[in-house]
Amino acid sequence: MIFVGELSDIPVGESVRVQGSVAIAVFNVDGELFAIDDTCTHQDASLSDGWLEGCAVECPLHAACFDLRTGRPSGPPAKTPVRTHAVVFDGDHVYVDETVPVGTEVTAGLASGLVS
Amino acid sequence: MRDVVVVGASLAGLATVRALRDQGFEGRIVVVGEEKHAPYDRPPLSKEYLGGTASEDEIGLTGPDDAGLDVEWRLGRTATALDGPGRVVTLDDGERLTADAVVLATGARARTLPGGNPQGVHTLRTLDDARALRADLLPGRRLVVVGAGFIGAEVASTAAGLGLAVDIVEAAAVPLGRALGPEMGTACGSLHEANGVRLHRAVGVAGLSGDPRVTGVRLDDGRELPADVVVVGIGAAPNVEWLDGSGLDLDDGVVTDARGCTNLPGVVAVGDCANSHRDYTGDRLRLEHWTNALQQPAVAAAALLGAEHALPSHHAVPYFWSDQYGHRIQFAGHRAAGGSVRVEEGDPAASAGAGFLALFLDSSGAPVGVLGVDRPRPFGRWRRELAKRV
Ligand SMILES: Cc1cc2nc3c(=O)[nH]c(=O)nc-3n(C[C@H](O)[C@H](O)[C@H](O)COP(=O)(O)OP(=O)(O)OC[C@H]3O[C@@H](n4cnc5c(N)ncnc54)[C@H](O)[C@@H]3O)c2cc1C
Ligand code: FES
């Protein structure tokens, strides 16, 4: 488990980057938290710097859009999904669980539910 | 519409084919491409591919999702003439392709120095160019880059990383001055010296020495820079000469409206070869930028199919990026004549290496462009902010 921070450290519409086995980006979409690998699968850009549009993030370099729930790109230039990770809460503490198999559709961590 | 011929098998041509299929076109598509390679991505040619961190496989543009495109490829074949009103494309081997619609996506080619070139002198536009250049960039060699534009700067950066000694010769007093203006051109140009690459400004090239292989670059101030390898990065010219006599309006590229439509029905032009009206600037611009070549085709395909396709508004703002010495330069919008620059973050005068964000203002003080060095997040916000002008 990687400690991300207090829930209040990640405002709605914002993202933070944490270091797991690779860099991971955690997004707050209207109170639902999602975690994906931070590095775009197309080239070398940090998705936590990207633009949140609903439940997708647009890469800040070439504008590939990734669905935060599945990691799948909506079209070129990215061809490969990013890995998604489970977000887990312990009270107000937010963690990322990197152990969930790659490609699994992960349900969002809800600030109110899911206590590890 | 049953038959489409696409001339040019690179980013813009492929993006048009994908867009036509996405938008429901089920007819025949023939794509003609002068290069023998399947479509590949050019930006890595001066960066990851040249530096040896990306393979030819990795820079391929087509993927498994393209299996259903159902295209007849004519690779290694050149279109030599177009009968515009009749929409007949003639190829170098005499084949004549008649179509209901013709897509021009022939891009641009690197400009060269006048006269014959000794061995060791390169331009960089194609995969074959990049293969040849890569084989020549051996550690310890002396490289002279002619032209401090984006491609020249990227080659210098990559070559320095490979362990070559690098000089750049730039005819203008300020590198990138036309695109970025004096202050910001100077700031971005400062990355060279900060990384041990010598930048010679305001000096022209008088000629190349060496036979059969290059040994030096003679400057017009009388100096000679020793060189084992030379890269000429002095801009690109649109591939449109073959369209002379086609009936198309040509002016530094194929003249089109905002949707890519030419003066002839059923003929569109996209990507680097298209000099298109841009809603953002309110005039015609030929953009030699990757994002334009990826996105303009969806609009042109819709126009051919008699439909509308709207891009997200921030995509209407001209955009490009460049990677140099581990720094990411991003620019969106344009630089207005008589405008000024306002630095929002960082200090470009201190060193571009620490990153900064600057806005380009028009003469009334309104932001019309944004430049970021290692500032992707605020850059993205400003790119969207600028889109509100359209
Ligand atoms: C080394 C390099 C680095 C770059 N880096 C960046 C970057 O960092 N950022 C950025 O925004 N942009 C960058 N670009 C620009 C970007 O690659 C181009 O904007 C883009 O490739 C344009 O795509 P296109 O399909 O319009 O044209 P092109 O990619 O030029 O393709 C045109 C194709 O048409 C073929 N062709 C031409 N004439 C004929 C004919 N008569 N018959 C048949 N085929 C023909 C050509 O052989 C070519 O394959 C870079 C370009 C280069 C060369
Ligand atoms: S690096 Fe993300 S789309 Fe290219």
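This is a predicted model: local features need pLDDT of at least 70, side-chain atom pairs count only at pLDDT 80 or more; totals for chains, interfaces and linings use all residues.
Let me begin in chain A with strand E4, which spans residues 32-37 and is mostly covered, five of its six residues being buried. Strand E3, residues 23-29 of chain A, runs antiparallel to E4(A) and is joined to it by six bridges. Within that pairing, Val29(A) stands opposite Glu32(A). The two strands form a hairpin with two residues between them, and in the turn Asp30(A) has a positive phi of about 50°. E4(A) also pairs with strand E8, residues 84-90 of chain A, again in the antiparallel sense, here over two bridges; the bridge partner of Ala35(A) in E8(A) is His85(A).

I turn now to the interface. The size of an interface is often given as the accessible area lost when the parts come together. For chain A and chain B that buried area is about 1500 Å², with 48% of it on carbon and sulfur atoms. Of the area that chain A buries against chain B, 34% is supplied by Trp51(A), Leu61(A) and Lys79(A), which is more than any other three residues contribute. Counted by contacts, 17 residues of chain A meet 21 residues of chain B.

What do the polar interactions across this interface look like? The rule finds nine residue pairs in polar contact, with both residues at pLDDT 80 or more, and it finds three salt bridges between the chains. One of the salt bridges is formed by Arg377(B) with Asp49(A), where the closest N and O atoms are 3.2 Å apart. On the side of chain A that touches chain B, the residues divide into seven nonpolar, five polar and five charged.

Finally, consider Glu224(B), which is found in strand E15, residues 224-226 of chain B. Is Glu224(B) buried, partly exposed or exposed? Its relative accessibility is 42%, so Glu224(B) counts as partly exposed, a class that lies between the 20% and 50% cut-offs. If we leave aside residues up to four places away in sequence, Glu224(B) touches Ser209(B), Gly216(B), Val217(B) and Arg218(B). With Ser209(B) there is also a polar contact, side chain to side chain, at 3.1 Å. As for Ala206(B), that residue is 18 residues from Glu224(B) in sequence, while the C-alpha to C-alpha separation of the two in space is 9.4 Å.

Terms used. Residues are numbered from 1 along each chain as its sequence is written. Chains are lettered from A and ligands numbered from 1 in the order in which they are written. Side-chain values use heavy atoms; hydrogens and water are left out. Helices (H or I, at least four residues) and strands (E, at least two) are DSSP runs, numbered from the N terminus. Buried means under 20% relative accessible area, exposed over 50%, partly exposed in between (1.4 Å probe, protein chains only). Contact means heavy atoms within 4.5 Å. A polar contact is a pair of N or O atoms within 3.5 Å; within protein, one must be able to donate a hydrogen and the other to accept it, and residues adjacent in sequence count only if both atoms are side-chain atoms. Two strands pair if DSSP finds at least two bridges between them. Buried area is the accessible area (1.4 Å probe) that two parts lose on being put together, summed over both. A salt bridge is a side-chain nitrogen of Lys or Arg within 4 Å of a carboxyl oxygen of Asp or Glu. Ala, Val, Leu, Ile, Met, Phe, Trp, Tyr, Cys and Pro count as nonpolar, Asp, Glu, Lys and Arg as charged, and the others, Gly among them, as polar.
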